Amino acid sequence: DNGSTPSTSSSGGAAAGGDLVIVRPQDSVSMDNTMVFSNSSIWVFQQMFESLYEVTPDGKDVKPLLAESHTLSADKLTWTFKLKQGVKFSNGAPMTSADVKFSLDKARATKGGWEFLDVAIKSVEAPDDATVVIKTKYPWSPLLADLANFNNAVLPKDYAGKSHDDFYKAPIGTGPFVWDHWNKGTEIELKKNPTYWDAGKPALDSVTWKVVPDDNSRNVQIQGGQAQINENPPFSTLEQLKGQPNVKVDLFPSTKTDYVMMNQNEKPYDDVHVRRAISYAIDREALVKTLLFGNGTPANSFLMPNVPFYDAATPGLTYDMAKAKEEMAKSSVPNGFSTTFLASSGDSTDQALAQVLQSSLKELGIDMKIQNVDPSAAHDLQQEQKYQISHSYWTMDIADPDELVTFAVDPSAGSHSFYTSYDNPQVIADTKKAQQTFDTAGRQELYSAIQKQAADDAFMGFLYYSPFSYAYSTKVSGFQVYPTGNYHLEDVTLGS
Amino acid sequence: MRHLAYVGRRLVSTIPVLLGISVIVFFMIHLVPGDPARTLLGVRATDEAVAALHAKFGLDRPIWEQYLSFLGRLLHGDLGRSILYDTDVSSLLALRLPATLWLLVAATVMALLISIPLAVLAATHRDKLADQVVRAVPLVGLGMPTFWVGIMLVLLLALKVHAFPVSGFGKTPAQHLSSIILPGLTIALALTPILIRSLRTSMIGVLDSDYVVTARAKGLSHRRVITAHTLRNAAVSSITVLGVNIAYLVGSTLVVERVFALPGMGTMMLDAIFNRDFPVVQGVTLVFALMVVAVNLLTDLAHAALDPRIELA
Amino acid sequence: MSTLVDGPLRQPRSTPVTGTPLLELHDVDVEIPLPHGRLHAVRGVSLTAYAGQALGLVGESGSGKSLTLRAAMDLLPSPAVITGGSVVVAGTDVTGMRPAQRREHISSAMAMIFQDALTALNPTMRIGDQVAEVPRQRLGMSRSAARARALDLLVQVGIRDPEQRYRAFPHELSGGMRQRVCIAIALSAEPGLILADEPTTALDVTIQKQVLDVLGRLRRDDGVGLVLVTHDLAVVSSTCSELDVMYGGRVVEEGLTEVLLSAPRHPYTAALLRSVPDPDAPVHRLLTIPGAPPDLLQPIEGCAFAPRCPAVVDRCRTERPPLASLGGPHASACWRAHEPERWPGAVGEAALEGVLR
Amino acid sequence: MTAPAVPVGPVEPLQPLQPSRLPWLRGRGGEGVLRLNPTLVIGLSLLVVIVLAGVLAPVLSPWDPVAQDLTASLQPPGNGHLLGTDQLGRDVFTRLLYAARVDLRVGALAVLFPFIIGTTLGLLAGWFGGWFDLVLMRVVDMVVAFPSFVLIIALVFALGQGTASIYIAITLVGWVAYARIVRGEVLVAKEQEYALAARASGLPTWRILLRHLLPNVLLQAFVFAMSDVVLSILAIVTLGYLGLGVPPPTPDWGSMISEGQNFVFTKWYLTAVPGLAVVVTGLALALVADGVVQRSGRR
Amino acid sequence: MSGTSPSTGSGSVSIGSGSVSTASGSVGEEVLAVEGLVQHFRGRGSAWGRLRGRPPKVVKAVDGVDLVLHRGETLGLVGESGCGKSTLSRCAAGLYTPTAGVVRYARQPLHGAPDRAQRRLVQMVFQDPYSSLNPRMTVGQTLSEILTYHRLVPRAQVRARVGELIDLVGLPTRAADQLPRSFSGGQRQRIGIARALALEPQVLIADEPVSALDVSVQATIINLLLDLKETLGLSMLFVSHNMAVVRQISDRIAVMHDGVVVEEGDTSEVFEHPHDDYTRLLLASVPRIGGAPAPATAGAATERGLR
Ligand SMILES: Nc1ncnc2c1ncn2[C@@H]1O[C@H](COP(=O)(O)OP(=O)(O)OP(=O)(O)O)[C@@H](O)[C@H]1O
Ligand SMILES: Nc1ncnc2c1ncn2[C@@H]1O[C@H](COP(=O)(O)OP(=O)(O)OP(=O)(O)O)[C@@H](O)[C@H]1O
Ligand SMILES: [Mg+2]
Ligand SMILES: [Mg+2]
Ligand code: NI
């Protein structure tokens, strides 16, 4: 969105300059955009790296960023992109198609990173400086969404002459901010990119992300003026934050949804009636009220409303104790059973959810114990499927449901259907088909069928959709979070 | 010179202790379920990626072999590399150590500033009202969880009165100083009850002793009797108490740093534990252990400096 | 051994004993409030000490000797307090003075030394500094003058190598040396009178002799007065010319040492004499005093020694005998002081024979 | 040899306790030893009140400490809820009472094990000396060189959350103090003439240890244990704060404080009141410890 | 100041060790003897010092002592503080294992700790009446524990025997049920003696049993020991630094200095004709009643007004 900025940075006024401090519970892990999965890393390097496309503010589509336009061949296998001109890396070198080819090839070649998004790509070519040609192995409709992902961001060719490791220690990109320093575990600071192609941006002089693990400390730092933005304050603190005079609280629509996951390798969760009974027994309204303090909506699908092809009409199971008992009676364990909920210690949502579930399931004769392990161990146990019932959530990275759907319902995709071992051949077949379907109506049909079947199979208990909460100083303006979780700091200004 | 040799000997004699500690730390942390690679690589990590990371940090080798290489590196002063941050543990420690040291020193100084006058007041007004009050009030402090005190102090002194920064550490020494006051006070408040009582008790013992009576018989002023003849001798026994408790409070930096968002070793330790960053946990514990050893050593030196009867052997 | 008796820093002290007494106690009472009552530890004690004179104070453990001295020095351990009588130091009644002024007055006239020299010296201060402290702090001498004075005092109490010993800490000295350092400290304020509370009880006989020699010489040569508290009659006999015997918080007999030892006129003194073994004359059985000392928490009617006294008569139990003169300086608080020949058994024998022949 | 009953010397009549041979140097008021002192009385009564509050919790409050009412979450005080409800609609006051049960029990047990182990080891090390003493003291040095809290947290991590882990962790760390104290006391006591006398009387070692030394060295360990309970409770509360304490839904002051912390500005009492409960408990125990010390005559 | 420089013992033992003085005439057979007894204490010394071959400081508390105690005899052991008297008596009581030398009980050398029978032969009374009794056991418990363990009397008669022992040392029977803290120093020392006598020993080693006591109480204990010696026929090793007390109680004395015996002989002989320099110094230092003080130089009048 060019030209809409009111003035250049040099023209003064309250909006120009300033050092923004963002406080967050966890530090970034790495700046390697092709490998890293942590949001706290992604949100930082996205201020430095830009891709050919970017997600639109509503999260449902993509628009060109470093690309200007594209054309798709009739066989739907060859994509030709024209690059934006006049874009420079922060080291002064101009961005060319060679850089794009280098970047995409690197992104595709990683192992255990985000390369799965690029599996359909057969080759990347750079016929001239301003043109990039991508060939896919088969028709692949999510390609633009995939290219918009940060792992496909454009880096300088050959890492500007550095080694891979050295490059990521002080990365170079085309973005509005440039690398300054990182005290691991404490803070990362980025400085304004003075030669940013979108003239007049950014307004800020620098951005610092500080690690403040304690919820309250983050809040008081906003109040005390030591920080301006608090990344994801817990919902429980929103009420008191709203009461503070110079603090603003925003809830940005998100693609976040929470699930109760049930491991079908463990008896009796292989029994669909048991899963349904549990799904029915979850009082989602009450959870939204107590856990989210009303800031959310019950989930009816494993996809979220801000994702394309979400089906609002999916008959997700809703709270109904009578039906839950009926299902229980039909199941292999009509008199109940005992089970263990795997929870992360220190995670207040997990703790509360576990306790709520514990008391609901009691009515079904299910004796649920809570096993608290620390988050790291909980992760492990989930991924190794050494659990019976547990909690997890998902946030979209791209503007296409394929990423999540594959992950969640295709047991061969490496994640054993979100670590539940859910395996429904019909659903899997529909998923594959949807990847190669280009027309919107066709895809909608397939994805609706998938959502419906998954809900019916109750392979997970869908809980609720919740927004991204942010608290920030009233001095901050122009701050917006996209449904995929990322934000653009080039539009942010700091008043005095 | 005599003291230097002693310090040398003491440091040498802590080597077996540190070795023992390294064994405990190493095996304990490896007993904990959880895999740093999976934590690091996230939900979509492939088995190959995990294996690659394991290989990089030697996590795929038998545990005793890992220990030996850990020891080998330790002998060269190399604490290993953080798995999470892919940085030398020693450089991480160098970043974090200052805040923790500031905190401990501030806490100790404040504890002394609070305790000494109060203990003197109590001991010289023995069994009077002042004494009763001075003895009773810290008892309340004894039962207060440090993190809770921290929260309350932030609420009262930082947010309501705006006297101090609410948390963080600042950039310049002056900012460090103002940032460290509240957390230091939090720890000091936990330290004072014990310190006041021990100092008061030993002062009473000293005040009753013949040499203080002698000093009074000499006709010296009350002030001189207290400063020259009482405090130093009372400090002799209290210094050990102080040492033991500072060592104990090194542990409470874990919580206090968290409450006050200080970028110290305590927060790093908690993070590292949560992320199974073995090398960092090992490094931090070793440094913590070294700090305790150093505090004990300083205690002994101070003890010897205060009391000529002590032979450093 | 040469001393700087006539040196510029120390005035010769040869005031005749007949001058103003340096210390007078008049009917002093000391009480200690305890959780279950007031312990009346010193009950109307009077005594007088002159420069150049050595006064011995003997008596059973707990008879109030230490508290009497401490009352005189205004150094009573809390919570003990003087509840009656007056203390007159160098002619001035100190009872009504403000504490700081009293402290000043008393400590310039008198000094005190204690039984255990190790605990009476500050373990963390060099002995020289402890000796120099009064000259420096109270007498306002310069650092070097105070040091010279301290060295001088160390020489005076017979410490060899004073320069070297100056820097020593108390624990580096032997018991006898420490006690002599205590004496040096006591002398540092140039007192006319030294109050010594069992200064040799913790020492060996050989070292005890050294210390007593120093004290004796100070008295002889410099005319420093001495009040010596002890259990040991032999020590008193070889050191003091006058003797007060205390029992149950009171002085029960006083007089010249020779007289008291050869012809005691209080049954307690007599019994005490015979219960001390004599290194030169073993006897078949020592004389023992049956019973226990009086309970000082209770009021005592009559003579405190009555329950244990072999010569007791009815009057002793109801009426307290006053300390009455027997001629000259000799006085005894006993109803039967004038008839020792009629005291029964061993006590009578002791009274008639004494231990001095 | 049967001793003929010879009449020996004059007999000193036995007297009720007499302070005469307790000169002021030896410390005052040996008589008070037998009596309860005000400190102890106040401490004990506070403790009794807290224990009773825990024991009588079902009587004092009609609510169930774990029963949730999601429709009544975060109610302000009133309406039958003395301190309102927590996020899950549970009665805070009730949880506070039940937490007393949990924390006191865990605190007491977490002191009992180290007490027994440490005392035993310290007794043996002090008496026998030699290599056992040497090895034990090396181990003690090692544990002491750890900031104990770090070690406890790391151990609870390693062992997994739960009361058993808390016991084990605190025991592994806590025995050291007792071993040190008791060893030190034994080293002194074994040179005391009563211990020598017991040896001279030809009594066997185990008997000297159990009958003569143990009762005399136990006091110091006990006094320390009293203050150690405070420390243990604080440790447990702090573990709860870090999310490693007594597992939910069992109420525990530490987790209550940490749960309430998100509402410090709007519902301050959710954090402050459990905090105060800890403080009062700590105070009670500290007073008791103090009283015991005073009673024992050692200050 | 003259004559006060302590001349350390010349090292020559003027009366040959082991040569038994027969002056008292009534000397029985040997009941307790030490021969070439050496007891050194090693300072702790640091591990580091040991590694570097630095020898730890050694305190030579007893450095080669021969002594013999005969039946029915009281041997006094005198010497200045720290000369090794207590160490010697503890070795003799079998509480320390000597560095070198032999301890003989009734001519039988002791190997390691004494066995039960030997314990019953030799018993000890300690110096400090305040620390030598277990503060948590009543007198009755202290005594009956020993009686029961050594099976000295049938179980049923233990109580009666405790009563006898208490009576023997001149305490009232009700003392059995009281804790040590309710006794005075003299009474405690009596309990200590009763405890030693419970085993019906032939030899009593008394390590400064009266030093901590007031003079008048001291006299009652000395009398008690003298009486017991007569009625029970005990042999006694009596340790003290108080020359007068030793003179009162012993038949023979040994003078110790710096860990060795410098002189040994019949009590009155040693007192009247000391041979060793150290003994002479010791005797000369003993204050004596009648050693009147010199008058003040300024002709101080010894007149003293009565108030
Ligand atoms: N601080 C005190 N508290 C309680 N009682 C005390 C205190 N000081 C002294 N007494 C008591 O006062 C009485 C007299 O004590 P004092 O010390 O004067 O006796 P003493 O004659 O010096 O005895 P000793 O020969 O044992 O030194 C004793 O009964 C003693 O117990
Ligand atoms: N257990 C021990 N360890 C080290 N040194 C000791 C020990 N016992 C005694 N000594 C030392 O041995 C020497 C002799 O001590 P011992 O107690 O036998 O002397 P003593 O003649 O009994 O003295 P006192 O008259 O003071 O009781 C002293 O220097 C003492 O410090
Ligand atoms: Mg006294
Ligand atoms: Mg001895
Ligand atoms: Ni001379």
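## The sheet in chain A

Welcome to a predicted model. Chain A holds an open sheet of four strands, ordered β4-β5-β7-β6 and paired in antiparallel fashion. Its edge strands, each pairing on one side only, are β4 (67-72) and β6 (121-128) of chain A. From one strand to the next, the twist averages 20°. Strands here are DSSP runs of E with at least two residues, helices are runs of H or I with at least four, and both are numbered from the N terminus. Two strands pair if DSSP finds at least two bridges between them.

β4(A) and strand β5 (residues 78-83) of chain A run antiparallel and are joined by five bridges. In one of these pairings, Thr71(A) has Thr80(A) of β5(A) as its bridge partner. Helix α2 (residues 97-109) of chain A lies across β5, β6 and β7 (131-136) of chain A, at about 165° to β6(A). That angle is taken between N-to-C directions, on a scale from 0 to 180 degrees, using lines fitted to C-alpha atoms, for helices over the stretch in contact.

## Chain D

Chain D has 10 helices and zero strands.

Among the contacts in chain D between residues at least 6 apart in sequence, 71% join residues at least 24 apart; a contact means heavy atoms within 4.5 Å. Chain D exposes about 11500 Å², with carbon and sulfur atoms supplying 69% of it. Accessible areas come from the Shrake-Rupley method with a 1.4 Å probe, and for residues only the protein chains shown count as cover.

## How the chains meet

Eight pairs of chains touch, and the most contacts are between chains C and E. Chain A has no contact with chain C, the closest C-alpha atoms being 47 Å apart. No contact joins chain A and chain E either, with 41 Å between their closest C-alpha atoms.

## Around ligand 2

The residues around ligand 2 (a heavy atom within 4 Å) include Phe41(E), Val59(E), Lys85(E) and Glu208(E). α2(E) gives the most to this shell, with three residues.

Polar contacts are pairs of N or O atoms within 3.5 Å; within protein, one must be able to donate a hydrogen and the other to accept it, and residues adjacent in sequence count only if both atoms are side-chain atoms. A polar side-chain atom of Thr87(E) lies 2.4 Å from an oxygen atom of ligand 2, and one of Ser86(E) lies 2.6 Å from an oxygen atom of the ligand. The protein covers 63% of the 640 Å² of accessible area that ligand 2 has on its own.

## Reading notes

Residues are numbered from 1 along each chain as its sequence is written, while chains are lettered from A and ligands numbered from 1 in the order in which they are written. Local features need pLDDT of at least 70 and side-chain atom pairs count only at pLDDT 80 or more, whereas totals for chains, interfaces and linings use all residues; side-chain values use heavy atoms, leaving out hydrogens and water.
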